[in-house]
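Let's take a walk through this protein, from the overall fold down to single residues. Have the structure open and follow along.

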Amino acid sequence: MRTDIFARLDREPEPPKIVAPRMSRHRAALFGGTLAFYLAIVFAVLVTSWLVVLDWKVMLFRPYQQWPELHAFLDYYVVLGQRGPTAVMVACWLGWRSWRQHTLRPLLVLGTSLLLLNVTVGAVKLGLGRLGPHYATQIGSAEMFAGGDIFPSGHTANAVVTWGILAYLATTPRARRYLSAVSATVSLGVGLTTVYIGTHWLSDVVLGWAAGLLILLALPWFEPLIARAESWIFDVREQWRARRRAVRQVRAPGVVPQPVLLPQSIAAEVAAGVGTPAAHLATGARARAHHVPTVCPERPQSAPSGTRRPQPHPEHGSRGTASPAPAGPLTGG
C-alpha cells in the first residue's frame, strides 16, 4: 500500500504552472539597500577605517587557539561553502525536480546564479587583490592590491547563493520561509568558520554575504532569459526526436528482396567473363517473374513420374530413336 510520501516521488503527469518571481518594489528596495551596503564595505576597507582595525583584532585574537576543540568539526562544516561539492549536491536535487515537473527551470536558475557568482565575485577578488590573514605583511594595513584573491569571501557568497536557490525555487510560502532560515543559518556558519580558521578577514565575510544576497535578489531580472532558453532547448529536443522517428520509419522492415540464384552455366559464364552480370541477373529475374524454371544444360531434366522415357536402339548408340527398316520384299522363314 502506497503512502502520500512515496506518491509524491512519482513524476507528475503534466508540468505544473510555476509562477516565476518578479522584481517587485520590495525586492528592488532590498537590492538597492544591499548594493549600497556592499559599496560601503568596499570603501571602508579601501580607506583603512575602523573596519580594518576590527579585522586585525579578530585575527590577533586567533579563535582557532581559543576553542581548539571545534577545529575538527569546523574543518568539515566549511565544505558546505565550497563550490564544487555544494553545486553537485544541489544540482542532484534540482535535477530530480526538473524530471518530476517536466521543466528545466530549476537547473537553469542554478546555472545562471553560479555564472553570476563566478563573474561578479571573481572580478572583484582579482580587481582588489587583498591578501588573507595568513599572508599579511604589515599590522594595521588593509593589504589591498597586493595580488591576493580573498575579498569578498567566495565560500560565504557561494553558501548564500547555493543554499538560497532552494528557498528561491520553493513553490509554497511555508517552504520558502523554512528554506530561507536554513540557508541563512548555513551561510552564516560557513562565513564565521572561515574567520575561526583564519583564512578570511571579518570584512571579507560580511562582503561575501552581501555579494551572495545581491545575486539572489537580481535573479528575477533573468527569468525571461531563462524561459526563452528552456523553450529553445525543448524545441531542439522535439526536432531531434522527429528526426529519430523519421530514421526509424525509413529503416523499418518491409519487403525483403530475395537473392538471385544463378544456374551453374550462367555462373560459369560470369566467371569466365562471357556477357555481363547485369544481363544474367535480368534473365534470372524474368525467369522468376514468369515462373519458368531455369534449366542447366549440364544437368538433364528429370522425367515426370508415371511416364516412360524412350530407350536408345542398340544399333544407333545413344541417339535414342529407331531408324525405319529398308524397303524390299518380305521373305518368310
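First, a term for how covered a residue is: buried means under 20% relative accessible area, exposed means over 50%, and partly exposed is in between, with a 1.4 Å probe and protein chains only. What you have on screen is a predicted model, in which local features need pLDDT of at least 70 and side-chain atom pairs count only at pLDDT 80 or more, while totals for chains, interfaces and linings use all residues. Residues are numbered from 1 along each chain as its sequence is written, and side-chain values use heavy atoms, with hydrogens and water left out.

Now zoom out. The protein has 13 helices and zero strands; both are DSSP runs numbered from the N terminus, with helices being H or I over at least four residues and strands being E over at least two. Of the 333 residues, 33% count as buried. Contacts here mean heavy atoms within 4.5 Å. Among contacts with a separation of 6 or more, 73% are between residues 24 or more positions apart.

Next, the inside. A nonpolar core is a set of buried Ala, Val, Leu, Ile, Met, Phe, Trp, Tyr and Cys residues joined through side-chain atoms within 4.5 Å. The largest one here has 51 residues, and F151 and I165 have the most contacts inside it. The elements giving two or more residues to this core are α2 (25–46), α3 (50–61), α5 (71–77), α6 (83–101), α7 (105–128), α8 (154–168), α9 (173–197) and α10 (202–218). The largest share, nine residues, comes from α10. In soluble globular proteins, nonpolar side chains tend to be buried together.

Helix α10 is worth a look by itself. Of its 17 residues, 14 are buried, so α10 is largely enclosed by the rest of the structure.

Which residues does F151 touch, leaving aside neighbours within four places in sequence? The list is I41, V42, V45, V124, K125, L128, R130, M144, S203, D204 and L207. The peptide bond from F151 to P152 is cis, with omega near 5°, and P152 sits in the loop between α7 and α8. L126, in helix α7, is 25 residues from F151 in sequence and 8.5 Å away in space, C-alpha to C-alpha. L126 is exposed, with a relative accessible area of 68%.

T86 lies in α6 and is buried, with a relative accessible area of 0%. Not counting residues up to four places away, T86 touches V79, L80, G81, N158, T162 and W163. T86 and W163 are 77 residues apart in sequence, with their C-alpha atoms 8.3 Å apart. A91 also lies in α6, but A91 is partly exposed, at 27% relative accessible area. Beyond neighbours within four places in sequence, A91 is in contact with L107 and L110. From A91 to L107 is 16 residues in sequence and 6.8 Å in space, C-alpha to C-alpha.

Two loop residues have backbone angles to check. H102, in the loop between α6 and α7, has a positive phi of about 60° although it is not a glycine. T48, in the loop between α2 and α3, has phi near 55°, again positive in a residue other than glycine. T48 counts as partly exposed, at 39% relative accessibility.

Last stop: the largest pocket. On a 1 Å grid over the protein atoms alone, a pocket is an open set of points where a 1.4 Å probe fits, with protein on both sides within 12 Å along at least five of seven lines, and lining residues have an atom within 4 Å of a point. The lining has 27 residues, of which R27, A167, Y168, R176 and S180 lie nearest the centre. Helices α2, α8, α9 and α10 each supply at least two lining residues, and the largest share, six residues, comes from α9.
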